[in-house]
Amino acid sequence: MAKKIAGWLCRSGAIREDEEELYIFAICNTFLTLVPLVSVLLIAYMMDSLPEGLALVIPFLTIRKFSGGFHFDSAVKCMITSILLLVMLLIISLKITLLPVFDAGILLAGISVSVNSPIDSEARRLDDEEIRRFKRTAGIISLVFILIYLMMRILSAILNMPVLIRIERCLSSGMMLAAILQFPVLIRRRRP
């Protein structure tokens with residue numbers, strides 16, 4: 001589909017022929033981001049948990065763009081697994097009420113992402129400048145989400161609003177998933 005769209009853009013004169021591969025990559029990347037995002041948000045909406053779904057997906061997708069981590073060899077496997085993992089994590093985050101688990105989880109995830117990012121893939125190796133920029137960006141984004149989480153923790157304690165507690169649990173889970181998906185690659189790279 002991406003090749004057809006890029007080919008059509010090229011034939012219509014909207015892009016140059018030498019830009020076609022870049023547009024194929026961009027279209028695929030957009031599709032691979034939007035399908036899980038929309039799917040999980042629709043499921044969250046059906047569960048009457050749209051704010052919680054947003055709180056889970058936004059940190060995950062934002063951090064994952066710069067942190068890297070495990071990738072399947074197929075886009076379909078990636079999309080299906082992402083949707084299943086995010087929906088499963090949404091359900092678990094709504095059920096578990098032990099806030100210290102999420103407090104520790106978000107702090108450990110922030111440290112892990114800051115230390116281990118970025119993890120590039122075989123398909124796209126990063127140069128030294130990109131590594132520095134992605135590492136800094138992943139660390140800053142993680143810190144921002146930790147600060148948002150802490151502000152929500154304080155607000156939920158003061159205002160006693162259950163929805164804030166559910167949202168902060170999902171925010172923590174989104175960060176934890178981004179960090180957890182780095183470990184299969186880290187483990188594989190350390191094997192002889």
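Colleague: In which sense, left-handed or right-handed, does α5 pass α7?

Modeller: Two packed helices are described by the angle between their axes and the distance between those axes. In this predicted model, α5 passes α7 in a left-handed crossing. Helix α5 (residues 99-116) and helix α7 (residues 162-180) lie at an angle of about 35 degrees, and their axes are 8 Å apart.

Colleague: Which residues meet in this contact?

Modeller: Among them are F102, G105, I106 and A109 in α5, and I165, E168, S172 and M175 in α7. The residues of the contact divide into 10 nonpolar, 5 polar and 2 charged.

Colleague: Which residues touch the most other members of the largest nonpolar core?

Modeller: They are I63, L86 and M175, in a core of 33 residues. The largest share of this core, 9 residues, comes from α7. The contacts of M175 include I63, I106, A109 and F145.

Colleague: How many salt bridges does the structure hold?

Modeller: Side chains of opposite charge can pair when their charged atoms come close. The structure holds 4 salt bridges. In one of them, R166 meets E52 at 2.7 Å, N to O. This pair links distant parts of the chain, with R166 in helix α7 and E52 in helix α3, 114 residues apart.

Colleague: Is E52 buried or exposed?

Modeller: E52 counts as buried because its relative accessible area is 1%, under the 20% cut-off. R166, at 28% relative accessibility, counts as partly exposed.

Note on methods. Residues are numbered from 1 along each chain as its sequence is written. This is a predicted model: local features need pLDDT of at least 70, side-chain atom pairs count only at pLDDT 80 or more; totals for chains, interfaces and linings use all residues. Side-chain values use heavy atoms; hydrogens and water are left out. Axes are lines fitted to C-alpha atoms, for helices over the stretch in contact, and angles run from 0 to 180 degrees between N-to-C directions. Helices (H or I, at least four residues) and strands (E, at least two) are DSSP runs, numbered from the N terminus. A crossing is left-handed if the near helix is turned anticlockwise from the far one by less than a right angle, and right-handed if clockwise. Contact means heavy atoms within 4.5 Å. Ala, Val, Leu, Ile, Met, Phe, Trp, Tyr, Cys and Pro count as nonpolar, Asp, Glu, Lys and Arg as charged, and the others, Gly among them, as polar. A nonpolar core is a set of buried Ala, Val, Leu, Ile, Met, Phe, Trp, Tyr and Cys residues joined through side-chain atoms within 4.5 Å. Buried means under 20% relative accessible area, exposed over 50%, partly exposed in between (1.4 Å probe, protein chains only). A salt bridge is a side-chain nitrogen of Lys or Arg within 4 Å of a carboxyl oxygen of Asp or Glu. Lists of a residue's contacts leave out its neighbours within four places in sequence.
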